[in-house]
Amino acid sequence: PSLPPPCPKSPPEYPDLYGKRRELAKVQVLEREISFLEEELKTVDRFHPASRSCKEVADFVVAKSDPLIPVNRKNRRSCRFWKWLCGTPCFNFSWLSWICCCCYSKCSIHIELPRCCDCSDCSICCCRPCTCCSIPKCCCKSNCLNCSCKRNCCTCNPCSLFF
Amino acid sequence: MSSSVSELKERHAAAIETVNSLRERLKQKRQQLLDVDVAGYSRSQGRAPVSFGPTDLVCCRTLQGHAGKVYSLDWTSERNRIVSASQDGRLIVWNALTSQKTHAIKLPCAWVMTCAFSPTGQSVACGGLDSVCSIFNLNSPTDKDGNLPVSRMLSGHKGYVSCCQYVPDEDTHLITSSGDQTCVLWDITTGLRTSVFGGEFQSGHTADVLSVSISGSNSRMFVSGSCDSTARLWDTRVASRAVRTFHGHEGDVNTVKFFPDGNRFGTGSDDGTCRLFDIRTGHQLQVYYQQHGENEIPHVTSIAFSISGRLLFAGYSNGDCYVWDTLLAKVGHHSGRIGSYHLPFPLQVVLNLGSLQNSHEGRITCLGLSADGSALCTGSWDTNLKELITVMKLKVCQYISVDAQFDSLQNNAGVIQSKLARFGLLEGTGGCSESLGSERLVNLLLNLRFWLTSFCCFLLP
């Protein structure tokens, strides 16, 4: 008579010690994190508001000399001159626009200048904002003859030719 | 009766929910304490913005010599030397004043990610994908192949070494950060780990750690930045847990740097922002971010503070290097290509060094200030280090490029010296005052021409 086919037994079910220990370790880490967070919640009420830290930063910065910060006394005189010259709003006259081709908004000399490009008439405009000064630039396409763009910034040719 | 695995999993899920709830409560409480940020406070005090003239920050020299992407650089604490690491498999030690290469160290593993100068300047450390931090003594004799031998290998990390920094004033200890989610304090003399911060089953970062910065005023404190979007403050005497965790970023924290006062630190992240945090309270004091429209947001790869903390230099993955006014955090405007025309207008708060002539062509990976704060060096994937020296100190308008070949170092030294003397760059040559005078005259003439022209146009009918 033929022997019955082999029927190996399944291995005995050992307790999943490795998985259990890992799970326990993860739980312990989280419970430790919970205690740290509860501790921090208690102490955060005792912290002073951010304004005090901001004052400390400002006081430190102003008190320390820095070779990279230029000391420029001439700016004040030129600021007052340009404020007088430009008025508000500045350079509404289109015939002046060729002098100033980039906008300084909220600058210390308060010149409001026309944008580099009025994209509504420019058939080659892509109108992506300038990464340097957030002004829609004339164009950044490779075959654009009117604008030279580097890193998405517009420099209008009339101005650069003049200077 | 011990818990079963399924019970433990339930406890795990409940613990996660509790952690999230506590974090949310903490976030709300912190929000109530953020009454103002640094920019708001500074504006209320009437602080004037920093303004740069067109010749105040110029690229003074390009250090050429690496044949692969530059990943890291570090200045000495004196004597103006720079060490740079590149994936051409070399560390190069440069004399920053003359651009000469004093050492070109062939590395055992080319995949280097970080380098650091020891406080005395006698050793350099580097680390990378080999998971080892290697130390080289610059005064050691070279081997028979002319290579500088490794004087110590710090092995123990289970992942890549992303950043290393020597403990200030100690040539024998340094701290590394790693892709194995830990930071380690090493004793270089023995080559052993003194402390491990974080790791599996420890309270620490939960993802790769990318950067460390040690406080200059208290060398027991350091901060780390990680892919888990947090920065953590550590006390080297307490390795079991971080002193504080700083949340806020929405992407990998690629770089951290202590503020000069030692009580704050800056971070730079994949979310495109730099942030300023207070270490004592955990407050987020300021966010530095500029809109980029619909374009992909460039990641912040590296940051450095000027010596007073007023300026924050930030390198981005698109090659830009912004100079932020830390007090006003304003996005200003400037005249564009500063090198191409000299407008008399003062430049605004944020200066994009990437728009200067001779700026980098590729991603900026590293930057650092010299010890005296007068020079900034940037490193890039275009394989060059570029060094800007404040014109206030040296008054240089010219761009000098010196590509000193390492083998002909002696021959070129004389040429380099005479070039530098001509432009007043050599200490004691007295050339500075001459260049100062001529530059002032040029600027005055340009100003005059501009104003006269404007007047004429104004008077036209």
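Phe259(B) counts as buried because its relative accessibility is 1%, where buried means under 20% relative accessible area, exposed over 50% and partly exposed in between, with a 1.4 Å probe and protein chains only. This is a predicted model, in which local features need pLDDT of at least 70, side-chain atom pairs count only at pLDDT 80 or more, and totals for chains, interfaces and linings use all residues. Residues are numbered from 1 along each chain as its sequence is written, chains are lettered from A and ligands numbered from 1 in the order in which they are written, and side-chain values use heavy atoms, without hydrogens and water.

Over all chains, 12 aromatic pairs are found; rings of Phe, Tyr and Trp (its six-membered ring) pair if their centres lie within 6.5 Å, and planes under 30 degrees apart count as stacked, over 60 as edge-to-face and the rest as tilted. Phe259(B) and Phe305(B) form an edge-to-face pair, because their ring centres are 5.0 Å apart and their planes stand at 85°. Phe305(B), at 9% relative accessibility, also counts as buried. Ring pairs also join Phe246(B), Phe258(B), Phe265(B) and Phe277(B) into a cluster.

The largest nonpolar core has 23 residues, and Val57(A), Cys274(B) and Leu276(B) have the most contacts inside it. Such a core is a set of buried Ala, Val, Leu, Ile, Met, Phe, Trp, Tyr and Cys residues joined through side-chain atoms within 4.5 Å. Beyond its neighbours within four places in sequence, Leu276(B) is in contact (heavy atoms within 4.5 Å) with residues including Val57(A), Phe259(B) and Phe305(B).
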